[in-house]
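Subject: The two-chain model, handed over

Hi there,

Here is the model we talked about, with the sequence alongside. My notes on what turned up follow below.

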Amino acid sequence: MEHETIPGIGKSGTFSWGRIAKHMAILFVLLAVWEYVTATGIADELMFPQPTEIVLSVWPLYGSPGIVWYHLWVTMATVLAGFVVGTVLGIVLAALVGMSESTRRYLQPYIIILEATPRIAMGPLVLAWLGFGFGAKLAIVTLVCFFAPFVNTLTGILSANEPQIELMKSMGASKWQILTKAMVPDAMPLIMAGIRLAMASALGGALVAEFISSNDGMGVLMQNLTAVLNMPAAFATLLSLTIVGFILYRLMEMIEGTVVFWQNDDGMRRASRRREKYWRSL
Amino acid sequence: MTLGAVKIEPGVKKAQIGGKLEQSQNDQGKMNPSSPRGQTVIEGQGVSKLFGETVVALDGATFNVRKQQFISLVGPSGCGKSTLLRMISGLIPVSSGTLELHGELVQRPRPDVGMMFQKPTLLAWRTILENVLLPTELSRKVTAEDRDHALELLELVGLADFAFSFPSQLSGGMQQRAALARLLQTGADVLLLDEPFGALDEFTRERLNVELLRIVEKFERTTLFVTHNIQEAIFLADQVFVMTPRPGRIAAVIDVPFERPRDPELMQSVPFNDLVGQVRKIFGNAAH
């Protein structure tokens, strides 16, 4: 999801009404075609509800009785808890493993095997170990969120910039100074990319976990709505998840841009002004 | 411009045959009246470096460097010039022989020795000023005086307007200027430069070389400069250590008689090119 694909924002970042209008026109045509083929019975209306039906079903979901809120809350709690636990575990373990050359060497094959294993396939196993409920759900999301930060942090530490470390040594830096002033910031872009990937898989992981092991959450809501063939509401629920996914992604992108500010021009400009102010006031 | 006699180290032949270069070289150092300035700062006696059991990176280097001398170490890859520099810096230990700095054995990196590499290795997340202040920051809290000193150094290397820019916003040549300012900020009086401008284009390199000479003279530093470019080595140095590979050794020490300050036009002169020829010949002999 790059900036240039956001409607109304050109490559240069300028806002253009003409562009917006074009996007709107295309969207309108798509919706109109969809409405037409379902209304005339070319597509089965039961399976593919008309856009107008979907819009109408938003009210019972969000307004009254507003069943979506509870499920949304449950899913988001799972996503965030699993994301935090998985990411922190991943980064801390990678830092520990990365420090010792021999640990790294002996663990390497297992890391490769685990990386090749689809994490979501372990869901039923986790369910068998932890039983039905929130614990299993949390464990599955944690599992899904663990690997990207783990692998990226490890890579970041291993691909340490040798000349930089040698230079720090020649200036008499301690091990701790080398770690905190050079290695960690140097690995930061990779670590942040890992965290962003973790967040991207957290929502999907939570939904699958709910499919197999839950009484509530958006995954359960989707299942229940499709089970009673309330397709308009199911589509509206899916749309909610799209919006949630989009917000989470953009949020992570913003955080990443702030943390590794030196990788984008805007970030550097802002940091530059801040630092100049600081040094001038010293 | 004084065009003094070019002295080729008489021990060259011996070095190729038996590696008994040490004595004659030392003698030359002591006897040579044209070698300028001061007391011995760095002294190596039979300094060798082995990597593993069999790889001899440097074999019995005996040399001395006096205060405020500018020494160029020139030779092809594998001649041990970078290895020698790293041993002097204390980054890697010597395998045998003794290496002394101000009369003390070199055992670890010391604050009075500073290093600069082919890559600027600036920290991307720090402004240029903060990069220059890094050596200070490693030992104590940075003060307003440190800031002013660093800003002066940035002015000196022509980066006054870029103190609050980030490294990626600077060209390669400017990044190396920043690295030079950082090196001076360490306050080290021995500067070890490992092909510092090797990655830059010809024009930038020549300009930076001239500026480097101006700066080390102004600050009265002792300088060891590693390069594989013979012209560059001679242009900069008071003395050139000519190094040959397999095993790496100092094959000759050549005095460079040209007066300072030096102008790049010197490189067009006949005596200069005679000297280049002499160095080339040493490499040619070593290859057989």
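Let me begin with one residue of chain B. B:Met87 counts as buried because 24 C-beta neighbours lie inside 10 Å, where 20 or more are needed. Please keep in mind throughout that this is a predicted model. B:Met87 sits in helix H3 of chain B, which covers residues 81–89. Leaving aside residues up to four places away in sequence, B:Met87 touches B:Val47, B:Lys49, B:Ile92, B:Val94, B:Leu99 and B:Val106. As for B:Leu133, it is 46 residues from B:Met87 in sequence, and their C-alpha atoms are 25 Å apart in space.

Chain B as a whole

Chain B contains 9 helices and 10 strands. Of its 288 residues, 48% are buried. Among the contacts in chain B with a separation of 6 or more, 72% join residues 24 or more positions apart.

Where the two domains of chain B meet, 13 residues of domain 1 are in contact with 11 residues of domain 2. On the domain 1 side, helix H7 of chain B (residues 202–218) gives the most, with 3 residues. By class, that side of domain 1 of chain B has 8 nonpolar, 3 polar and 2 charged residues.

Chain A as a whole

Chain A has 11 helices and 0 strands. Its radius of gyration is 24 Å, whereas a compact globule of 282 residues would be near 19 Å. Along the principal axes, the C-alpha atoms of chain A fill a box of roughly 75 × 55 × 35 Å. Buried residues come to 29% of the 282 in chain A. Of the contacts in chain A with a separation of 6 or more, 69% are between residues 24 or more positions apart.

Chain A is also divided in two, with domain 1 at 1–48 and domain 2 at 52–264. The C-alpha centres of these two domains of chain A are 30 Å apart. How many residues of domain 1 of chain A are in contact with domain 2 of chain A? There are 4, and they meet 4 residues of domain 2 of chain A. The domain 1 side of that contact in chain A consists of 3 nonpolar residues and 1 charged residue, with no polar ones.

Inside chain A

Helix H10 of chain A runs over residues 231–259. With 29 residues, H10(A) reaches 42 Å from its first C-alpha to its last, close to the 42 Å expected at 1.5 Å a residue. The buried residues of H10(A) are A:Pro232, A:Ala233, A:Ala234, A:Phe235, A:Ala236, A:Thr237 and A:Glu256. They pack against helices H2 (51–62), H3 (68–99), H8 and H9 (218–227) of chain A.

A charged residue to look at is A:Lys137, which lies in helix H6 of chain A (residues 134–158). Is A:Lys137 buried or exposed? A:Lys137 is buried, because 32 other C-beta atoms lie within 10 Å. Beyond residues up to four places away in sequence, A:Lys137 touches A:Thr78, A:Ala206, A:Ala209, A:Glu210, A:Ser213 and A:Ser214. The C-alpha atom of A:Lys137 is 19 Å from that of A:Leu197, 60 residues apart along the chain.

The core and the chain contact

The largest nonpolar core has 131 residues, and those with the most contacts inside it are A:Val141, A:Ala202, B:Leu154, B:Val240 and B:Val242. In soluble globular proteins, nonpolar side chains tend to be buried together. A:Ala202 touches A:Val79, A:Gly82, A:Phe83, A:Val141, A:Val144 and A:Cys145, again not counting residues up to four places away in sequence.

Finally, the two chains meet through 19 residues of chain A and 25 residues of chain B. On the chain A side, helices H7 (162–170), H8 (175–213) and H11 (265–281) each supply at least two residues. H7(A) gives the most, with 6 residues. The chain A side divides into 10 nonpolar, 5 polar and 4 charged residues.

How values were computed:
Residues are numbered from 1 along each chain as its sequence is written. Chains are lettered from A and ligands numbered from 1 in the order in which they are written. This is a predicted model: local features need pLDDT of at least 70, side-chain atom pairs count only at pLDDT 80 or more; totals for chains, interfaces and linings use all residues. Two residues are in contact if their C-beta atoms, placed from the backbone, lie within 7 Å. Helices (H or I, at least four residues) and strands (E, at least two) are DSSP runs, numbered from the N terminus. The radius of gyration is taken over C-alpha atoms; the globule rule is 2.2 Å times the number of residues to the power 0.38. A residue is buried if 20 or more other C-beta atoms lie within 10 Å of its own, exposed if 12 or fewer, and partly exposed in between; C-beta atoms are placed from the backbone. A nonpolar core is a set of buried Ala, Val, Leu, Ile, Met, Phe, Trp, Tyr and Cys residues joined through C-beta atoms within 7 Å. The expected span of a helix is 1.5 Å times one less than its number of residues. Domain bounds come from an automatic or database domain assignment.
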